Amino acid sequence: MTTLPDCRALDAQDPLRPLRDLFTIPSDVIYLDGNSLGVMPCAASARVAAAVTQEWGNGLIRSWNTAGWFGLPQKLGDKIARLIGAAPGEVVATDSTSINLYKVLSAALNIAAQDAPQRKVIVSERSNFPTDLYIAEALCKERGLRLQLVEPEDIAAALTPDVAVLMLTHVNYRTGAMHDMAAVTAAAHAAGALTVWDLAHSAGAVPVDLNGADADFSIGCGYKYLNGGPGAPAFVWINPRHAGRFWQPLAGWWGHAAPFEFTPDYRPAPGITRYLCGTQPILSMTALDCGLDTVLAAQPLGGMAALRAKSLALTDLFMALVEERCAGHGLRLVTPRAHAQRGSQVCLSRGEGAYAMVQALIARGVIGDYRAPDILRFGFTPLYIGFEDVWNAVEHLKQVLDSGEWQRPEFNQKHAVT
């Protein structure tokens, strides 16, 4: 059995340990929810305050030029590109994940309609994140298409000649299971379908190589493992072979080839810039810039490969300790054990009391979250989570289970956000 001194020794030997100092983390909190909202970077509050008091307060409208506001979508996009296997100039930070999915899925369907009009189906995983399914459902109703939902093991068989687009989230939000992007993309292309990848639970958490996988379209969010703050702007990547094809459906002035010519007709900007729409949220962009810098700070220490190795070690330890110390309480591991098949989270299932157990842990300062119908979900961000944190989190879980404190009424009252 791994002991607390063992975990402390692992932390002492961890080359990524200094990165924890880049974050503001309450001393009484073990934060295992970075897969839902990342921790605030230490630099963020001062940087956003400067954007408010100096750039907005004093610079006013001049700051679009003098402070570089206008170029932030591309500047941040190039930083994100370094984390997802994209090239400079291929990514923009903008809008929300849902809005960006609408843009890229529309573009993919336009390409399919032109190249293979007989293809009328979007295939996705049944347990994909709901907003992805809702956007796809809306587009299907609008265009007279069909959304086909399948289990992960049935994706290959579902790639029939009528499929236009395969839309998947790289790491499943509910289970932490991870698709082999390159293999799945190759299978989709062999069947004549395009791919749309949602990287919401991948970017900054696991190595991603969009160009290497020859993916077609991708989107992702900025507030999880990229630590950009609540509601941070999302991002869009388009394979360069598709980037100049078609307008995206939300043709706004920031996506115009020359927005300050103010012409009445729309002329799309070349490449990825056409996937911008309206004026950008500069204060949120500023916070996201700080979050991206925390992830990029790992580059001299081994980058995403080093973060991935630590993530796997943390999640392996959590799984082992839960099985050793919480046996007999009905917990079932949902996340795949195989390293190649999981992201940076561990999900446990328990039919009764899962929500209340999470609330009891939160009251103790161990913050994870609950996903219906019965998932206790824990995210492990290797930038700021250590091995001692894992040991202590499992100790709290053991105490919650052994004592039955999760049955207290206050832990069984549902909040709006779970």
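# A guided tour, from helix to sheet

Select helices H2 and H11 to begin: H2 passes H11 in a right-handed crossing. You are looking at a predicted model, so please keep that in mind as you go.

**Stop 1: two helices side by side**

H2 covers residues 42-56, and its axis comes within 9 Å of the axis of H11, with a crossing angle of roughly 150°. That angle is over 145°, the cut-off for roughly antiparallel, and therefore H2 counts as roughly antiparallel to H11. Now show the side chains where the two helices meet. From H2 come Ala43, Ala44, Arg47, Val48, Ala51 and Val52, while H11 brings Leu283, Thr286, Ala287 and Cys290.

**Stop 2: strand, helix, strand**

Next, select residues 121-125, which are strand E3, and residues 146-150, which are strand E4. In which sense do E3 and E4 pair, parallel or antiparallel? They pair in the parallel sense, over five bridges. To find your place in the pairing, pick valine 121 and look across to arginine 146 in E4, which stands opposite.

**Stop 3: a buried serine**

Move on to serine 202, in the loop between strand E6 (194-198) and H9. Is serine 202 buried or exposed? Its relative accessibility is 0%, so serine 202 counts as buried. Beyond its neighbours within four places in sequence, serine 202 is in contact with His170, Val171 and Val208.

**Stop 4**

Most residues other than glycine have a negative phi, and most peptide bonds are trans.

- Aspartate 214 is in the loop between helix H9 (210-213) and strand E7 (217-220). Although aspartate 214 is not a glycine, its phi is positive, near 60°. Its relative accessibility is 32%, so aspartate 214 counts as partly exposed.
- Phenylalanine 246 sits in the loop between helix H10 (240-243) and helix H11 (282-296). Here too phi is positive, about 70°, in a residue that is not a glycine. With a relative accessible area of 27%, phenylalanine 246 is partly exposed.
- Proline 373 is in the loop between strand E12 (369-371) and strand E13 (375-379). The peptide bond leading from alanine 372 to proline 373 is cis, with omega near 5°.

**Stop 4**

The C-alpha atoms of leucine 331 and isoleucine 375 are separated by 9.8 Å, with the two residues 44 apart along the chain. Leaving out neighbours within four places in sequence, the contacts of leucine 331 include Val322, Cys326, Leu348, Leu376 and Leu401.

**Stop 4: an enclosed helix**

Select helix H13, residues 354-363. Eight of its ten residues are buried, so H13 is largely enclosed by the rest of the structure. Among the buried ones are Tyr355, Met357, Val358 and Leu361. What do the buried residues of H13 pack against? Their partners are strand E11 (366-367), E12, E13 and helix H14 (387-403). Just after H13, look at glycine 365, which takes a positive phi of about 95°.

**Last stop: H1 meets H14**

Finish with helix H1, residues 4-12, whose axis comes within 7 Å of the axis of H14 and crosses at roughly 155°. This makes H1 roughly antiparallel to H14. To see the contact, show Leu4, Cys7, Arg8, Leu10 and Asp11 of H1 beside Phe387, Glu388, Trp391 and Asn392 of H14.

Technical notes. Residues are numbered from 1 along each chain as its sequence is written. This is a predicted model: local features need pLDDT of at least 70, side-chain atom pairs count only at pLDDT 80 or more; totals for chains, interfaces and linings use all residues. Side-chain values use heavy atoms; hydrogens and water are left out. Helices (H or I, at least four residues) and strands (E, at least two) are DSSP runs, numbered from the N terminus. Buried means under 20% relative accessible area, exposed over 50%, partly exposed in between (1.4 Å probe, protein chains only). Two strands pair if DSSP finds at least two bridges between them. Axes are lines fitted to C-alpha atoms, for helices over the stretch in contact, and angles run from 0 to 180 degrees between N-to-C directions. Angles under 35 degrees count as roughly parallel, over 145 as roughly antiparallel, 65 to 115 as roughly perpendicular and the rest as oblique. A crossing is left-handed if the near helix is turned anticlockwise from the far one by less than a right angle, and right-handed if clockwise. Contact means heavy atoms within 4.5 Å.
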